[in-house]
Amino acid sequence: MSVTREEVAKIAQLARIRMGEEDLDHLVPEFNNILTWVEQLGEVDTSGVEPMTAVIPQELRLRDDVIDADPKTGGGRQDDVLANAPVAEHGFYGVPKVIE
Amino acid sequence: MTNYRIQGATGEWEVVIGLEVHAQVTSNAKLFSGASTAFGAEPNTQVSLVDAAMPGMLPVPNRECIRQAVRTGMAIEAQINKWSRFDRKNYFYADLPQGYQISQLYHPIVGEGSLTIDADEKAGIPEDKVIGIERIHVEQDAGKLMHDQHPTMSYVDLNRTGVALMEIVSKPDMTSPAEAGAYVRKLRSILRYVGSCDGNMEEGSMRADVNVSVRKVGDTELGTRTETKNVNSVRFVMQVIEFEANRQVDVLEEGGSIDQETRLFDPGTGTTRTMRSKEDAHDYRYFPDPDLLPLELEDDFIEECKASLPELPDAKRARYENELGLTPYNARELTAEVETFARFETLLAETANALGKDEKKVATPVANWALSVAPGVIKSLGDEADASHATAARQAAILKMQDAGEISGGQAKEIFEIVLKEGREPDEIADTEGLKQVSDTGAIEAAIDAIIAANGDKVEEYRGGKDKLFGFFVGQTMKAMQGKANPAVVNQILKGKLG
């Protein structure tokens with residue numbers, strides 16, 4: 001499997017990453033090297049092997065249904081979340097008009 | 001089978017419908033953060049650093065959201081997947097700060113299930129019909145964009161960002177607008193019984209993506225479908241299907257073809273239109289979210305979900321019919337909404353207790369009271385009625401007097417009117433306002449004697465075989481008693497005296 005220059009450009013566009021022609025010059029072969037390597041890994045017979053989801057065996061932690069229990073992961077911080085916005089008005093983020 | 005058909009120039013067409021319903025999970029906090037989910041707060045005040053996708057913030061799933069999804073799955077008798085996983089659905093839009101929605105594509109938490117829509121002859125559903133449900137998965141909601149507040153900018157409110165949604169995906173098992181409407185209503189009812197979603201469509205707690213395709217009657221291949229997004233009422237879902245089905249038939253009959261596309265519904269005109277979107281809008285590049293381990297459900301967690309399920313609509317309706325002896329109509333009306341059955345069951349218990357009788361014995365009068373008498377009185381009073389006065393205890397007291405023959409049906413309504421207006425106690429009202437039937441045989445006998453004496457000719461006719469005159473004597477007696485005589489007592493005494 002390999003990707004074309006056009007495919008790499010499209011993926012970059014979908015991810016909104018600006019990519020010049022020079023970037024594509026070295027990224028396309030880099031992508032293809034990675035894909036070749038993954039293909040090589042695919043040659044190993046893994047039938048009957050459980051997929052490993054974490055290097056250290058551990059379980060997914062769940063949180064209790066409590067509002068703002070931890071200030072770092074709770075709300076009520078309008079000023080903080082808007083602080084980095086290029087435009088913030090009346091408590092909203094302002095973005096260039098987007099209408100479907 | 002439904003008989004919903006579209007008459008085209010080239011023959012008859014049938015419609016195939018599948019629905020994806022997004023239901024907001026009832027929880028205090030969001031799916032992956034501790035920010036509040038309450039509706040209507042100041043913009044961006046319920047946004048945590050996780051929801052704003054600040055670098056380095058990690059999602060931790062809310063146990064309650066998982067629990068509600070599992071309970072919902074159980075309520076539709078679905079397979080519960082003890083192992084599920086979250087995936088990233090990547091797209092770039094201003095309402096989604098992460099740049100991806102955390103969803104479950106490959107391994108949803110709930111697998112196949114079903115629900116039954118009830119027969120409704122008038123709507124063209126001749127018998128109960130089972131609608132398959134493909135899956136339920138849990139995912140994040142996006143934020144809200146406002147386009148009309150500023151000439152050149154859209155405003156973004158991220159309060160809704162990260163709130164938990166269940167996406168409930170039906171199979172393409174529906175074949176008419178009425179069936180789709182019945183499906184959404186039934187699903188909403190189940191969600192509200194379970195308590196996993198408030199079902200408030202105005203506030204956007206439930207919205208549907210409507211998939212519609214058409215094919216010639218008899219064809220077995222499915223036609224190309226369109227998906228109309230974010231339809232937020234039962235009526236609109238039905239309108240979308242009606243419009244889309246007819247539009248597709250027109251296109252196909254003119255030799256055109258249907259594009260598999262996303263469309264928008266315009267409630268103002270009842271029409272749908274193509275969403276202007278780029279070709280690659282659906283290139284979501286899903287992959288397992290590396291920030292989240294697989295979700296594995298423990299047996300005791302699943303057991304608790306099962307044990308906490310309430311009696312569900314179909315079971316409750318069957319019990320009302322079979323055990324309480326209610327009519328199918330009453331059973332259906334009483335079980336449709338959570339508030340209705342809750343009020344009924346409270347009043348039923350209170351009344352049975354007041355009368356010292358079994359619930360079965362009083363269920364029918366209580367059902368009639370709850371469904372028709374009480375709402376009628378409340379409606380006739382309009383703004384004068386204060387519903388908070390109508391406690392179960394007061395209504396039970398009225399039903400008790402009626403059961404004992406102390407008051408008539410008309411007097412029950414009059415007493416209830418005063419209860420609603422003034423919040424007084426029914427027993428006191430009956431005494432003070434003279435709203436009681438006379439069961440005192442002495443007074444009734446005296447009145448009847450006078451009437452018999454004054455109508456000698458009619459008495460002869462009656463005795464001569466003109467049975468219909470019995471009604472005349474009842475009427476005269478009631479009139480003489482100013483309508484307050486207990487009809488059962490009147491009948492009994494009249495029969496004795498007329499022979």
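**Helix packing, strand pairing and the A–B interface**

H5(B) crosses H6(B) in the right-handed sense; a crossing is right-handed if the near helix is turned clockwise from the far one by less than a right angle, and left-handed if anticlockwise. The model is predicted: local features need pLDDT of at least 70, side-chain atom pairs count only at pLDDT 80 or more, and totals for chains, interfaces and linings use all residues. Residues are numbered from 1 along each chain as its sequence is written, and chains are lettered from A and ligands numbered from 1 in the order in which they are written.

Helix H5 spans residues 313-322 of chain B and helix H6 residues 328-335 of chain B. Helices (H or I, at least four residues) and strands (E, at least two) are DSSP runs, numbered from the N terminus. The two helices pack at about 145 degrees, with axes 9 Å apart. Axes are lines fitted to C-alpha atoms, for helices over the stretch in contact, and angles run from 0 to 180 degrees between N-to-C directions. From H5(B), Pro313(B), Lys316(B), Arg317(B), Tyr320(B) and Glu321(B) meet Pro328(B), Ala331(B), Arg332(B), Leu334(B) and Thr335(B) of H6(B). Contact requires C-beta atoms, placed from the backbone, to lie within 7 Å. Five residues of this helix contact are nonpolar, one is polar and four are charged. Ala, Val, Leu, Ile, Met, Phe, Trp, Tyr, Cys and Pro count as nonpolar, Asp, Glu, Lys and Arg as charged, and the others, Gly among them, as polar.

Between the chains, 37 residues of chain A contact 45 residues of chain B. Helix H1 (5-14), helix H3 (78-82) and strand S2 (92-96) of chain A each give two or more residues to the chain A side. S2(A) gives the most, with five residues. The chain A side comprises 16 nonpolar, nine polar and 12 charged residues. S2(A) also pairs with strand S9 (residues 153-157) of chain B, antiparallel, over four bridges. Pairing requires at least two DSSP bridges between the strands. Gly94(A) lies opposite Tyr155(B) in S9(B).

Within chain B, strands S11 (residues 206-216) and S12 (residues 226-231) run antiparallel, joined by four bridges. Ala208(B) has Val231(B) in S12(B) as its bridge partner. S12(B) pairs in parallel with strand S13 (residues 262-266) of chain B over three bridges. Here Lys229(B) is partnered by Leu264(B) in S13(B). The β-α-β crossover from S12(B) through helix H3 (residues 234-253) of chain B to S13(B) is left-handed. A right-handed crossover would run clockwise from the first strand over the helix to the second, with the strands pointing away from the viewer.

Chain B has a mean pLDDT (the predictor's confidence in each residue, from 0 to 100) of 92, and 98% of its residues reach 70 or more. The complex receives an ipTM of 0.90 and a pTM of 0.86 from the predictor.

Terms used
Contact = placed C-beta atoms within 7 Å.
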